[in-house]
Amino acid sequence: MFEFTQEPMLLSALTDMFDRMGITWSSILLHFVALVILTVGLYLLLFKPVKKMIRERQEKVKKIEKENADLNEEVKELKASSERVLSEAKKEAAAVHESAVKAAGEQADGIVGEAKAKAKALVERTEAEMEGERKKLRSDMEKQIADVSLLVAEKVIGRSISHEDNKRLIEESLKKWSDEENG
Amino acid sequence: MAEQRPIAKVIVSETPDAETARKIEAFVKERGCGGAEYIVDADILGGIVISVGGKVYDGSLRSRLEGIRRSF
């Protein structure tokens, strides 16, 4: 550290050194002024536009980040919405499937019931027709048996009735008719 | 002039003897007929059928058999 008493010596030495290097106080001042002008010029011509450009770039980046964030949010909402829609679609599909299965079951039950009813009606009608045919056949058989029996009876009676039998038949008929009419 | 009395139509399977004929005559006369016209028809098998006016007395074996047939 220099002592206060040594200052004139230092200044003298510095002046000697500047003299040996060809530097004067005026040239130093001139360079200082040039430096100030350069600094101001650089500040005005370079620093400010660069700073403005950087600020604009930063704003652009922020804007892009904000847009990106908005897009991410929108994507999230869309994803949530699509998941919600998908879930609702799944529920709706399940409900439609269940409804279709139920309707198909009911339709199948209806078809089976109708088929059973038709089969029952067919069986009943067939049984009724069979019963009718059976009765008709029985009636026809009875009639044929009666006809054959009577035919046989006619032949037998025609051959076997005697004169006395015939006389008795006639007299019994006359008596019967007389009794009926006379009370 | 006496009123002409109708003749009863009598169907038999064989010609009746005199006693039966008298009973038949008496029967038809009681019902206002002047006499009986006999028709022999073996198809009635036996017995007698008498038509007096519009009334028919049917005592034939064939009608009895028909009755049995109807009852079946």
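Residues are numbered from 1 along each chain as its sequence is written, and chains are lettered from A, with ligands numbered from 1, in the order in which they are written. Because the model is predicted, local features need pLDDT of at least 70 and side-chain atom pairs count only at pLDDT 80 or more, while totals for chains, interfaces and linings use all residues.

The four strands of chain B form an open sheet of mixed pairing, in the order S2-S1-S3-S4; two strands pair if DSSP finds at least two bridges between them. Strand S2 (35-40) and strand S4 (55-58) of chain B stand at the edges with a single partner strand each, so one side of each is left without a neighbour in the sheet. From one strand to the next, the twist averages 20 degrees. Strand S3 (residues 48-52) of chain B pairs with S4(B) in the antiparallel sense over four bridges, and Ile50(B) has Tyr57(B) in S4(B) as its bridge partner.

Helix H1 (residues 18-30) of chain B lies across strand S1 (7-12), S2 and S3 of chain B, and runs at about 125 degrees to S2(B). Here axes are lines fitted to C-alpha atoms, for helices over the stretch in contact, and angles run from 0 to 180 degrees between N-to-C directions. Of the 72 residues of chain B, 29% count as buried (20 or more other C-beta atoms within 10 Å of a residue's own, with C-beta atoms placed from the backbone).

Turning to the interface, the contact takes 18 residues from chain A and 19 residues from chain B; two residues are in contact if their C-beta atoms, placed from the backbone, lie within 7 Å. On the side of chain A that touches chain B, helix H2 (25-160) and helix H3 (163-182) of chain A each supply at least two residues, and the largest share, ten residues, comes from H3(A). The residues on this side of chain A divide into nine nonpolar, four polar and five charged (Ala, Val, Leu, Ile, Met, Phe, Trp, Tyr, Cys and Pro count as nonpolar, Asp, Glu, Lys and Arg as charged, and the others, Gly among them, as polar).

The axes of H3(A) and H1(B) come within 10 Å and cross at roughly 20 degrees, which makes H3(A) roughly parallel to H1(B) (angles under 35 degrees count as roughly parallel, over 145 as roughly antiparallel). Lys167(A), Ile170(A), Glu171(A), Leu174(A) and Ser178(A) in H3(A) meet Thr20(B), Lys23(B), Ile24(B) and Phe27(B) in H1(B). By class, this contact has four nonpolar, two polar and three charged residues.

In the other pair, the axes of H2(A) and helix H2 (residues 61-71) of chain B come within 10 Å and cross at roughly 160 degrees; H2(A) and H2(B) are therefore roughly antiparallel to each other. Ala146(A), Leu150(A), Ala153(A), Glu154(A) and Ile157(A) in H2(A) meet Leu61(B), Leu65(B), Ile68(B) and Arg69(B) in H2(B). This contact has seven nonpolar, no polar and two charged residues.

Definitions and conventions: Parallel < 35°, antiparallel > 145°, perpendicular 65-115°, else oblique. Buried ≥ 20, exposed ≤ 12 C-beta atoms within 10 Å, placed from the backbone.
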